[in-house]
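Hi,

Here is the structure I said I would pass on. Have a look at it first, and then read my notes below.

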Amino acid sequence: MRVLIVCTNHTDYKTRPQKTGLWLSEATHFYDELSDKDLPYDIVSPKGGAVPIDERSLKRKDNTNDKWYHNPEFRKKLENSLRPEDVNPADYQLIYFTGGHGTMWDFPNNERLQLITRQIYESGGMVAAVCHGVGGLLNVRLSDGSLLIENRQITGFANIEEKLLGLTDEVPFLLEDELRKQKALYRRSLIPFLPFIEVDERLVTGQNPLSARKVGKKVMEEMFEK
């Protein structure tokens, strides 16, 4: 089994000078749950090349971040991510969309990533995403033309969480609103920023950064314990 981890290349907010990018723990905590199986993996981004890291996520004390950010193989893959055009979907049984605010700009309308996701899913693979990375699933259509997420149990970064961060006006859209517009059956935790996931057959989504590890655990459970 091979895993494809999708990360953003986008760094700029609308007006704020601070830079965004990948929220690092959403990659490291997820992969930490897969690492015991020593699964081969690749990292892809919309443009390929270096994946920018949200500077705020590097400032937090996090042993799992330290472990993998300083792991030579993991770091090399982050700094030399594949382009979607270089990916053969048939090589992967799992695709996972990481988050960070940057994903809201370069995930939703990337047609190649949509195609890769569709092909992995329709070949019996799993699709997973966390936080803002769930935006990568908004426009994925299956071969019959239906939306992957329509009438599916989904979660993702909530409006209240965006409001509490003070970033409602800095992002191109509110993820919760867009998921509902696409007729996803959206749910969230009653308390913001607590781990929360939704599972709908081979589709696993997490609400926020603290949900990444839980998504990883559930994916491993679904793939290896059944």
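**Loops with a positive phi**

Asp38 counts as exposed, because its relative accessibility is 64%. You will find Asp38 in the loop between H1 and E2. Its backbone is worth a look: although Asp38 is not a glycine, it has a positive phi of about 55°. Keep in mind while you read that this is a predicted model.

Lys183 has a positive phi too, about 65°, and it is not a glycine either. Lys183 sits in the loop between helix H8 (175-181) and strand E6 (185-186). With a relative accessible area of 52%, Lys183 is exposed.

Now for H1. How many of the 10 residues of H1 are buried? The count is 10 of the 10, so the helix is largely enclosed by the rest of the structure. Among them are Ser25, Glu26, His29, Asp32 and Glu33, along with Phe30, Tyr31 and Leu34.

Two elements give two or more residues to the lining: helix H1 (25-34) and helix H2 (55-59). H1 gives the most, with three residues. By type, the lining divides into seven nonpolar, eight polar and five charged residues.

**Helix H4**

Next, go to helix H4 (residues 72-79), where Phe74, Lys77 and Leu78 are buried. Looking down the axis of H4, you would see these buried residues fall within an arc of 100°, so they line one face of the helix. As a reminder, an α-helix has 3.6 residues a turn, so residues three or four places apart point the same way.

What covers the buried residues of H4? The cover includes H1, strand E2 (41-44) and helix H3 (63-69). On the face of H4 turned away from its buried side you will find the exposed residues Pro72 and Lys76. The N-terminal end of H4 is capped by Asn71, which has a side-chain oxygen 3.1 Å from the backbone nitrogen of Glu73.

Thr98 is in the loop between strand E3 (94-97) and helix H5 (103-106). Is Thr98 buried or exposed? Its relative accessibility is 0%, so Thr98 counts as buried. The side chain of Thr98 reaches the backbone oxygen of Val6 at 2.6 Å. Leaving aside neighbours within four places in sequence, Thr98 is in contact with residues including Ile5, Val6 and Cys7, as well as Leu22, Glu26 and Ala27. Also among its contacts are Thr103, Phe107, Val130 and Gly133.

Arg118 belongs to helix H6 (residues 111-122). It is partly exposed, with a relative accessible area of 25%. Not counting residues up to four places away in sequence, Arg118 touches Val140, Arg141, Leu142 and Ser143. Arg118 and Ala129 are 11 residues apart along the chain, and their C-alpha atoms are separated by 14 Å.

Cheers

Notes:
Residues are numbered from 1 along each chain as its sequence is written. This is a predicted model: local features need pLDDT of at least 70, side-chain atom pairs count only at pLDDT 80 or more; totals for chains, interfaces and linings use all residues. Side-chain values use heavy atoms; hydrogens and water are left out. Helices (H or I, at least four residues) and strands (E, at least two) are DSSP runs, numbered from the N terminus. Ala, Val, Leu, Ile, Met, Phe, Trp, Tyr, Cys and Pro count as nonpolar, Asp, Glu, Lys and Arg as charged, and the others, Gly among them, as polar. Buried means under 20% relative accessible area, exposed over 50%, partly exposed in between (1.4 Å probe, protein chains only). The arc is that of the directions from the helix axis to the C-beta atoms. Contact means heavy atoms within 4.5 Å. A polar contact is a pair of N or O atoms within 3.5 Å; within protein, one must be able to donate a hydrogen and the other to accept it, and residues adjacent in sequence count only if both atoms are side-chain atoms.
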